[in-house]
Amino acid sequence: KETEEVFKVKKSSYSKKIVKQLKKEYKEDLEKSKVRTEVNSPTDVEPPLEKTGQIKDIGQEDGTANSEHGEEEMEVESEKEEEKPKAGGAFSSALSSLNVLRPGEIPDAAFIHAARKKRQMARELGDFTPVDSEPGKGRLVREDENDASDDEDDDEKRRIVFTVKEKSQRQKIAEEIGIEGSDDEALVAGEQDEELSRWEQEQIRKGINIPQACIYQPAEVNNLYYQNTYQTLSYGSSYGIPYTYAAYGSSETKSQKTDNTVPFKTPSNEMTPVTIDLVKKQLKDRLDSMKELHKANRQQYEKHQQSREDSTKAIERLEGSSGGIGEQYKFLQEMRGYVQDLLECFSEKVPLINELESAMHQLYKQRASRLVQRRQDDIKDESSEFSSHSNKALMAPNLESFGRDRVIYQEQVKRRTAEREARRARRRQAREQTGKMADHLEGLSSDDEETSTDITNFNMERDRILKESSKVFEDVLESFYSIDCIKSQFEAWRSKYFASYKDAYIGLCLPKLFNPLIRLQLLIWTPLEGKCRDFETMLWFESLLFYGCEEQEQVKDDADISLLPTIVERVVLPKLTVISENIWDPFSTTQTSRMVAIVQKLVDGYPSVVNAENKNTQMLLKALLLRMRRTLDDDVFMPLYPKNILENKNSGPYLFFQRQFWSSVKLLGNFLQWYGILSNKTLQELSIDGLLNRYILMAFQNSEYGEDSIKKAQSVIACFPKQWFTNLKGDKTISQLENFCRYLVHLADTIYRNSIGCSDVEKRNAREQIKQIIKLLASIRALDHAVTVANDHNVKELKILIEGK
């Protein structure tokens with residue numbers, strides 16, 4: 001079994017020709033082995049051992065020594081072996097004591113081991129003599145010191161050599177295939193046996209290697225190391241294989257073939273004859289392949305070099321960019337912390353700012369409400385005093401029967417009357433000093449004078465609010481409440497990392513961020529006062545004026561460009577809305593003029609913000625309209641007196657009537673100052689329908705017909721914007737003025753009737769007054785009424801009067 005396993009280890013692909021040759025020689029060796037077995041001599045057992053074990057010893061021990069010490073040591077050992085014939089005989093006698101193998105019997109592992117031990121002992125004792133050391137019968141089995149088989153596993157060689165005994169193995173093969181050992185045809189038929197083929201191929205491989213190593217060895221060495229009963233032949237003559245590849249398949253080899261062998265043909269793809277041209281061609285092909293390989297390697301090398309350069313550049317670029325990213329990350333982290341701290345600060349301070357702003361607005365509102373209430377009380381007092389139907393019940397309808405409340409009421413009336421007259425006297429005295437007494441009419445002045453007590457209280461409260469406002473940020477660093485410091489932080493962000501600045505929508509957040517700080521600076525800003533500072537000259541406006549306007553090219557849709565307009569929209573307009581709703585007095589011409597001026601400035605300077613589509617602008621305009629309508633409903637009063645009472649121009653009712661009339665005309669002029677800001681429809685509704693037709697025309701009907709009425713009509717027409725009548729087509733004026741035009745026509749007729757029967761001077765004066773009425777009608781584009789008056793009163797200068805309007 002061990003032998004069969006050994007046969008399965010090696011496998012080659014030699015041709016059947018060589019296999020048959022080996023079988024033939026094996027047959028001859030088998031016959032010789034039988035002869036030696038019958039004699040039962042020690043040499044009969046030794047050849048297989050020498051053929052197996054001694055070959056192993058030579059291959060492993062002597063062969064190894066030869067590779068180290070050279071050929072000379074091999075010859076010396078050969079001579080020493082020849083000098084010990086007696087020792088060899090003793091070893092043979094010891095070996096013969098073992099059980100002699102029967103023909104065809106395969107030695108077992110114990111027999112092989114015992115033989116090996118005895119041979120090793122004989123070698124150590126120097127009692128070892130090679131068997132059949134005759135020169136002609138030994139065959140060199142020495143391996144080449146450069147042979148690659150030296151590197152094979154020692155155990156594997158040992159097993160292959162020692163377990164193969166030609167005699168018993170061949171007999172076993174013959175028995176297994178069912179033929180006799182001497183039958184050549186049966187041996188040929190069983191050549192397909194796998195185990196035999198493996199053994200034969202292994203022997204062939206070793207045989208091919210042996211001549212290569214032994215070409216230069218002397219014959220004595222060959223005979224010394226490999227002796228057996230076989231006939232000593234060269235490798236080429238024994239197996240029909242030449243020493244060199246060039247002689248492979250020659251006629252000499254063919255002549256050695258026996259008749260019972262199959263003709264052997266050399267494969268065309270194996271063992272091709274080697275010529276110089278073939279070697280040159282192979283070398284040239286190898287050189288070409290190496291050049292191609294070198295070229296491919298060169299290209300690959302250049303590719304790797306380029307990749308290395310690109311990687312180096314990328315590393316340098318990324319290292320440079322990573323530094324910028326690190327700095328950007330650090331900066332953004334700092335900005336994040338700063339903004340968080342700023343928002344936390346504002347979350348604490350904004351409620352305080354809102355409270356202070358509300359307190360200041362409330363203070364101004366109380367003062368404005370007090371003045372309006374005083375004017376209303378004065379009108380009620382005068383109306384009750386000069387009314388022909390006034391009585392104590394009407395003056396104090398809810399008084400007790402004992403009269404205690406009536407006394408208190410009368411005392412309050414007297415006090416208000418005294419204060420009112422005192423104020424009028426002081427204003428009259430001031431006009432006399434300035435020389436404006438002749439042009440002044442009662443009712444045109446605004447009664448907004450305050451007492452010293454009210455002024456003192458107002459100033460004290462305002463100072464307190466301002467003092468509180470100065471303490472809002474007293475516990476905060478300057479970098480968290482100074483507009484310049486906050487602006488510098490975001491300017492640095494914008495200049496260094498504009499992309500992240502834009503992605504964070506800082507331009508949209510800045511107006512809201514600056515809102516509480518700007519409102520704190522606008523705390524006492526009231527454009528209704530003459531000493532109020534223009535907001536465009538304040539520090540916050542100058543600080544933010546050039547924000548985002550660097551020398552570099554402006555980015556499209558940059559929100560920072562509209563920073564100030566947005567602040568005006570979100571800060572200034574809401575403040576103006578509160579002022580117009582709670583503080584502005586439409587009866588005051590001065591306040592109205594200042595209010596119109598600031599709104600007109602915003603309309604002209606910030607058209608993108610202050611327009612009809614903006615919500616804050618709409619809220620401001622709505623607040624203005626509500627305030628004017630409330631004034632029209634609550635503050636306008638026109639008394640009605642009989643003409644006989646008004647004939648006395650020094651009486652109280654006449655003066656009160658004149659004062660109310662001229663205050664209404666002043667209010668009409670104040671309303672019409674909003675031309676260009678409010679729509680024409682809204683203004684005509686307020687001024688003409690709500691004030692002229694409702695109050696002023698009633699005063700015209702109760703007025704004296706003549707020069708006084710014409711003067712009042714001229715004052716009313718002077719309030720109308722001329723743009724209302726420039727684009728009118730036809731001979732008619734606007735529809736809301738039809739009542740006023742009919743009154744003027746009626747006034748002309750009345751003047752003409754009153755002049756009938758009077759002196760020529762009076763008639764001439766009446767005719768001049770009629771011409772003035774025609775001019776007034778022509779100035780408001782009421783040409784149809786002007787023609788009617790001219791035709792009725794035979795005025796021929798109509799064309800001149802119309803063109804000279």
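This is a predicted model: local features need pLDDT of at least 70, side-chain atom pairs count only at pLDDT 80 or more; totals for chains, interfaces and linings use all residues.
**View 1. Asp 378 and Arg 420 meet in a salt bridge.** The N-to-O distance here is 3.2 Å. Asp 378 belongs to helix H14 and Arg 420 to helix H16 (residues 404-434), so this pair links distant parts of the chain, 42 residues apart. With a relative accessibility of 1%, Arg 420 counts as buried, and Asp 378, at 5%, is buried too.

**View 2. Arg 375 forms a salt bridge with Asp 585.** Their closest N and O atoms are 3.0 Å apart. Arg 375 lies in helix H14, while Asp 585 sits in the loop between helix H22 (563-582) and helix H23 (589-605), so the pair ties together parts that are 210 residues apart in sequence. Arg 375 is buried at 14% relative accessible area, and Asp 585 is buried at 11%.

**View 3. Arg 370 and Asp 454 join in a salt bridge of 3.5 Å, N to O.** Helix H14 holds Arg 370 and helix H17 (residues 452-470) holds Asp 454, so parts 84 residues apart in sequence are tied together. Here Arg 370 is partly exposed at 32%, as is Asp 454 at 23%. Look around and you will find a network of salt bridges linking Arg 367, Arg 370, Glu 450, Asp 454 and Glu 529.

**View 4. Helices H26 (residues 652-672) and H28 (residues 707-719) cross at roughly 20°.** Their axes come within 8 Å, and the crossing is right-handed. The two helices are therefore roughly parallel to each other.

Technical notes: Residues are numbered from 1 along each chain as its sequence is written. Side-chain values use heavy atoms; hydrogens and water are left out. Axes are lines fitted to C-alpha atoms, for helices over the stretch in contact, and angles run from 0 to 180 degrees between N-to-C directions. Helices (H or I, at least four residues) and strands (E, at least two) are DSSP runs, numbered from the N terminus. Angles under 35 degrees count as roughly parallel, over 145 as roughly antiparallel, 65 to 115 as roughly perpendicular and the rest as oblique. A crossing is left-handed if the near helix is turned anticlockwise from the far one by less than a right angle, and right-handed if clockwise. A salt bridge is a side-chain nitrogen of Lys or Arg within 4 Å of a carboxyl oxygen of Asp or Glu. Buried means under 20% relative accessible area, exposed over 50%, partly exposed in between (1.4 Å probe, protein chains only).
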